[in-house]
Amino acid sequence: SWQVWTIYMILAANFSEEQALKHACLSCDAALLCNCSSMGLDFIPPGLTAKITALNLSHNRIKHIQSKDLQQAVNLRVLLLQSNEISSIDNDSFASLGKLELLDLSNNSLAFLSPVWFGHLVSLQHLRLQGNTYRDLGGSSLFSRLRNLSSLHLGNPGFSTIRQGSFEGIVVLDKLWIDGGDLGQYEPGSLKVIQKINHMIIQLRNAKVFSAIVRDLLHSVTWLEVRELKLEIEKKSLVQNSTLPFTLQKLTFKDASFTDQYISQLIVLLKEITSLRELEAIDCGLEGRGEWDTKAIASSGKSFVETVSIVNVMIQNFHLFIDLEGMESQINKVKRLTIASSRVFMVPCNLARNFSSLWYLDFHDNLLVNNRLNETICEAAWPSLQILNLSRNSLKSLEETAKYVTRLHKLIYLDISQNKFAEIPDVCEWPKNLKHLNLSSTQMSKVTTCIPTTLEVLDVSANNLREFGLQLPFLKELYLAKNQLKTLPGAAPIPNLVAMSVRRNKLNGFSREEFEGTQVAAVHLSLLECHRTLVVVLTCALLLLLILIVVAVGYKFHAWIVDNIIDSIEKSRKTLFVLSEHFVQSEWCKYELDFSHFRLFDENNDAAILILLEPIQSEAIPKRFCKLRKIMNTKTYLEWPPAEERQAMFWENLKGALRS
């Protein structure tokens, strides 16, 4: 019967799918990389050979790795086992993987780590163990045999202890990442055994552990990144009993929380690290108003920091933040300053005047406005500044902006893009040495002689310009993309032009006269911009071809569907019609009833059983099914009862109809 046939097809499909998955897992690409990720596997598939160089088994349900699983994969260089349910590994599971360079066991259920697992991985360069359930690294070093290890990522939310000897055997690391949000016990000297670390990321909340780790890393790490530090740091020196020279050059705080007192204390302590040249705070929070202990900071000596970056720092009461009076002596060595996405609306004049060494200043994505620029860029402020980024602020007057910027006598590069200038005056004052000006996305509809003639690079892309006719004798690069230009700028007014971008304009073509015979070394235009007619013709042709393919496929599957319906009806002892008003009007009903209307309703038998899912008036049935309309008026049919107490009777009646 049709019911048995349907069940068979479902079972066969499931069986075929399972077999196909297992075979697809071992079908590697030309580079012998085998992707078995996200296939629901609960074991490492058999049949791995020496030909395979990379195996991805991530995001499956593997619980155990056996000795035999990887025994033949002797040339494996990459093994990805992350995001499984691995809780146990046989001691010699990786014994044959002497060429393995990357092993990822992250995000599994390993409650302990064994040094035996890694004993034969002499070529291993990258090891990822984070996101498991172990609380420490065991009693002996896991990594003593891993002489080529370059990057190591370990830890988890429950990782609590680092002991001496944990990193024994590691000499040099490019990157060490420790997730230690719950790290509360750190034995001093544990990280001191590593002679050099280029970049270390540690996620922790315990301030005492932070201090102990910094002391151990003064002579080995170049860049230390600390994440999620929440508590007050110790008052003890960070460099106690440490000898010069130090190697720590860059310190980053990410997702950390500071108070005014914490900031004051931290500045004093960090001055002791005489090698420190760069400070960075990203996605941090400051609870305070800038009431720092400036006397203690000033009396603690000079700072050696040259680069300061503050990005997306949230100050709850930023409008109450004070002017940091007393910090002037601490900033005269800073050469590069970035304060971005931090709701800065002004800088006190006296503070700005003391940035005597600063040549790079980035204030993008803040709240700077024209009427406070007189304070931020006052006379004698930022005396050495060469590069200034004021993009994505709230500046609205180009004339006023240019007037204040003129006070920056050494300025070469100015980015004031993504401000809403809209209007542009005919005359503006600019710094005499300005060579690079970015006015992109400023809603300008024209350019005037306000633009300085000293420029070598000008970006006015993403505006509403319809023409460009400025005389800029020194200009080498001109960016005009995403405007409304219909013709190219003339060549004579910009004789030294080397590069020009005119993408996404309304250019219809180029004439020889527009170039006045100037040789163009290279043109980078899209196919649409160069051959618009050809592109339109090709697009129409491809669209027509696609329509033909869809029609052909639809026709082919239409015959297959109809054949299936006819075949199923002919082989069935009973044909069950469940009719709803929507189905009666649908195409599928048309296919089934077109055939069965004659086969069933012309024959005087009870092969057809009608069930009405909802009340249907005979008038709602298309007129071409006249006999069905007549049967509904003369023959008993089953109607699905909405009331639950009547549904048992419905099923009994249906069973009786099927047996008849």
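## A tour from the disulfides to the cores

Begin by selecting Cys428 and Cys450 in this predicted model: both residues are buried. A disulfide joins the two, with a sulfur-to-sulfur distance of 1.9 Å, and because the torsion about the S-S bond is about -95°, this disulfide is left-handed. Cys428 sits in the loop between β23 (413-415) and β24 (436-438), while Cys450 sits in the loop between β24 and β25 (457-459), so the link ties together parts that are 22 residues apart in sequence.

A search of the whole structure finds 2 disulfides, and the next selection is Cys349 with Cys378, whose sulfur atoms are 2.0 Å apart. With 90° about the S-S bond, the link of Cys349 and Cys378 is right-handed. It connects distant parts of the chain, 29 residues apart, since Cys349 belongs to helix α5 (residues 349-353) and Cys378 to the loop between α6 (373-376) and β22 (387-389). Cys349 counts as buried at 12% relative accessibility, and Cys378 is buried as well, at 5%.

Now select Trp382, which touches, among others, Val347, Phe355, Leu361, Ile377 and Leu408, leaving aside residues up to four places away in sequence. In the largest nonpolar core, of 148 residues, Trp382 is one of the members that touch the most other members, along with Phe94, Leu105, Phe143, Phe167 and Met200. Helix α2 (residues 207-217) supplies the largest share of this core, 6 residues. Apart from it lies another core of 6 residues, including Leu579 and Ile616.

Finish at Asn56 in strand β2 (residues 54-56), which counts as buried because its relative accessibility is 19%, under the 20% cut-off. The side chains of Asn56 and Ser58 are joined by a polar contact of 2.7 Å.

Conventions. Residues are numbered from 1 along each chain as its sequence is written. This is a predicted model: local features need pLDDT of at least 70, side-chain atom pairs count only at pLDDT 80 or more; totals for chains, interfaces and linings use all residues. Side-chain values use heavy atoms; hydrogens and water are left out. A nonpolar core is a set of buried Ala, Val, Leu, Ile, Met, Phe, Trp, Tyr and Cys residues joined through side-chain atoms within 4.5 Å. Buried means under 20% relative accessible area, exposed over 50%, partly exposed in between (1.4 Å probe, protein chains only). Helices (H or I, at least four residues) and strands (E, at least two) are DSSP runs, numbered from the N terminus. Contact means heavy atoms within 4.5 Å. A polar contact is a pair of N or O atoms within 3.5 Å; within protein, one must be able to donate a hydrogen and the other to accept it, and residues adjacent in sequence count only if both atoms are side-chain atoms. A disulfide is a pair of cysteine sulfur atoms within 2.5 Å.
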